[in-house]
Amino acid sequence: MAEVRGSNSFRDEMASLLGDAGIRYAAADPIGISTPSFAAPTAHYVSGDSPEQSESLKDQVKGFAIAWGEILLDLGRGCKDIVQQSFLTEDSYIVRKLEMPCAKASAKLRYLNEFLPEDRDPAHAWLVILFVFILALTAISINTEHNSLVRQVKRVQMHRPSATHVLLPDGRRLAYHEQGVPAKTTRISLIAPHSFLSSRLAGMPGIKISLLEEFGVRLITYDLPGFGESDPHPSRNLNSSALDILCLANAIGIEDKFWVLGHSSGAMHAWAALRYIPDKVAGAAMVAPLINPYEPGMTKEEMKRTWEPWVFRRKTMYFLARRFPKFLNSYYRRSFLSGKHDRIDKWLSLSLGKRDEILIEEPKIEEHLQRNVEESIRQGSTKPFIEEAVLQVSKWGFSLADLQVQNKCQQRGILTWLRSFYSEAECELTGFLGQIHIWQGMDDQIIPPSVTDYISRVLPGAYVHKLPNEGHYSYLYFCDECHRQMFTTLFGSPQGPVKEDVTPTQVEGNSEELSSSIADSPTE
């Protein structure tokens with residue numbers, strides 16, 4: 001009790017020294033407020049609590065964000081001042097270079113300010129117009145994407161194997177497909193390598209069996225290595241591609257010369273057959289044939305006319321295939337190997353003409369293209385597609401000019417030179433001696449007509465058939481009259497299949513009847 005009294009007396013003395021502030025301290029540390037005239041009730045606080053509540057995490061984050069915003073705002077103002085003082089002064093290099101062009105452009109466009117309200121600052125008004133324009137474009141693009149998403153997306157389906165296979169000398173299996181007349185009655189054999197993102201199911205899309213039988217044609221299509229059901233090749237090039245065609249022809253019993261048919265990038269393998277196995281090829285039919293877009297023999301004007309119709313993405317694909325082919329792996333995975341169907345022109349970055357745009361929207365064409373793509377990507381690997389893309393833009397190992405028929409004479413050595421005085425020099429024809437027919441659509445945006453112009457320049461002996469208003473696909477795909485015109489041009493009048501020689505069988509039967517009759521007849 002004495003300690004408490006001592007404590008209270010000490011506080012009273014301190015209060016008397018400081019004056020009466022109206023604040024009293026109780027023994028249990030309550031805080032009270034009083035006045036000289038009357039006593040007021042004391043307000044009590046729980047021991048250990050502060051007068052202000054603790055700040056929540058949300059308030060701390062909000063305060064931190066506000067502080068950072070103020071810091072960034074000050075930083076932006078500082079950068080703005082630096083730019084204005086360093087680059088936007090009258091003596092700066094940028095102002096001196098852009099002052100006159102901007103003044104001229106402003107003078108020419110000043111008449112547009114007449115369409116603005118009179119009470120509006122043109123600078124602010126045009127900024128608002130630009131902002132609204134950007135918003136409108138954004139809304140249009142969002143609506144377009146929404147409409148494309150509404151369209152039903154088809155999934156890629158895998159089908160049961162249906163091809164016939166031959167075993168090549170190196171142990172690989174090559175898948176092929178036959179149409180037309182049987183091997184024994186074949187008058188004309190036609191082998192067709194397919195193009196990029198295609199398979200043995202392509203050939204001549206929509207060709208009627210009756211037309212093949214009418215001309216006695218045996219049409220053979222096959223899967224390139226790694227495509228469809230064919231085994232991949234460890235080191236593929238155009239020389240090996242020509243040898244695959246030769247081995248296929250030998251394996252399926254083609255003893256005479258055969259024709260080759262190449263459409264689009266499939267023509268690359270047909271060109272290789274003309275170069276490396278010319279003795280086995282009777283002739284070539286090319287429809288919108290591809291050449292190396294970096295062909296060194298092309299002039300600058302021909303190169304410009306060839307590259308000009310292509311979209312930027314396709315040019316980029318060619319550049320990547322030539323310089324950085326590994327980057328194509330990601331693009332192929334996100335496009336035709338994504339497991340979903342889409343238009344082939346989007347997958348391959350193609351620009352189509354009017355006829356082709358209408359054609360690929362037809363249900364039967366769309367069904368054929370989708371089934372063909374499904375067979376092409378059966379193995380699910382990007383390697384064969386990257387190899388095919390690299391082959392298109394790399395050095396082929398030959399030039400189209402090498403296919404031109406030339407009379408070359410041996411004039412090397414002193415003996416050959418001395419022999420030329422009393423005898424004619426030994427000469428031989430080089431190049432491809434058969435016929436080459438080229439059909440080119442004049443509205444083709446994928447393989448522009450300038451490509452055929454270059455081919456006709458380096459191969460003046462080739463027959464070029466220019467097709468007005470035709471595109472890349474419209475002449476070959478599901479066109480009965482077009483197929484008949486092509487066969488008539490290549491093979492002349494239809495003669496039907498070759499009749500089987502049944503004479504030996506009849507002779508054997510007659511000899512058996514003759515021997516039996518002799519045995520039954522009496523001897524004289």
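Contact here means heavy atoms within 4.5 Å. The model is predicted; local features need pLDDT of at least 70, side-chain atom pairs count only at pLDDT 80 or more, and totals for chains, interfaces and linings use all residues. Residues are numbered from 1 along each chain as its sequence is written, and side-chain values use heavy atoms, with hydrogens and water left out.

The protein holds 18 helices and 12 strands. Helices (H or I, at least four residues) and strands (E, at least two) are DSSP runs, numbered from the N terminus. Of the 524 residues, 36% count as buried. Buried means under 20% relative accessible area, exposed over 50%, and partly exposed in between, with a 1.4 Å probe and protein chains only. Among contacts with a separation of 6 or more, 75% link residues 24 or more positions apart.

The largest nonpolar core has 104 residues. Helix 7 provides the largest share of this core, seven residues. Such a core is a set of buried Ala, Val, Leu, Ile, Met, Phe, Trp, Tyr and Cys residues joined through side-chain atoms within 4.5 Å. Those with the most contacts inside the core are Leu197, Trp271, Leu274, Tyr332 and Phe487. Neighbours within four places in sequence aside, Trp271 is in contact with Met286, Pro289, Leu290, Trp396, Phe398, Leu400, Leu403, Ile436, Ile455 and Leu459.

The structure also contains three cavities of 30 Å³ or more. On a 1 Å grid over the protein atoms alone, a cavity is a set of points where a 1.4 Å probe fits but cannot get out; lining residues have an atom within 4 Å of a point. Grid points are joined across faces, edges and corners, and a volume is the space filled by probe spheres set on the points. The largest cavity has about 550 Å³ of space. Its lining comprises 37 residues, of which Phe196, Ser264, Ser265, Leu348 and Gln392 lie nearest the centre. At least two lining residues each come from strand 5 (188–193), strand 7, helix 9 (312–323), helix 10 (328–334), helix 11, helix 13 and helix 14. Helix 9 supplies the largest share of this lining, four residues.

Ser264 sits in the loop between strand 7 (258–263) and helix 7 (267–276). Its relative accessibility is 12%, so Ser264 counts as buried. Asn469 likewise has a positive phi, about 65°, and is not a glycine. The loop between strand 12 (463–467) and helix 17 (480–491) holds Asn469. Asn469 counts as exposed because its relative accessibility is 59%.

Helix 13 spans residues 363–376. Its 14 residues reach 20 Å from the first C-alpha to the last, close to the 20 Å expected at 1.5 Å a residue. The expected span is 1.5 Å times one less than the number of residues. The buried residues of helix 13 are Ile365, His368, Leu369, Gln370, Asn372, Val373, Glu374, Glu375 and Ser376. These buried residues pack against helix 11 (344–347), helix 12 (354–359) and helix 14 (383–393).

Arg378 lies in the loop between helix 13 and helix 14. Arg378 and Ser199 are 179 residues apart along the chain, and their C-alpha atoms are separated by 9.9 Å. Residues up to four places away in sequence are not counted in what follows: Arg378 touches Met158, His159, Arg160, Pro161, Gly228 and Glu229.

Ser450 belongs to helix 16 (residues 449–458). With a relative accessible area of 4%, Ser450 is buried. Leaving aside neighbours within four places in sequence, Ser450 is in contact with Glu302, Arg305 and Thr306.

A disulfide is a covalent bond between the sulfur atoms of two cysteines. The rule used here takes a pair of cysteine sulfur atoms within 2.5 Å. By this rule the count is one disulfide. Cys479 and Cys482 form a disulfide, with sulfur atoms 2.1 Å apart. The link of Cys479 and Cys482 is right-handed, with 55° about the S-S bond. Both Cys479 and Cys482 are buried. Cys79 is partly exposed, with a relative accessible area of 40%. Cys247 also counts as partly exposed, at 23% relative accessibility.

Note on methods:
1 Å grid on protein atoms, 1.4 Å probe; cavity = no way out; pocket = protein on both sides within 12 Å on 5 of 7 lines; lining within 4 Å.
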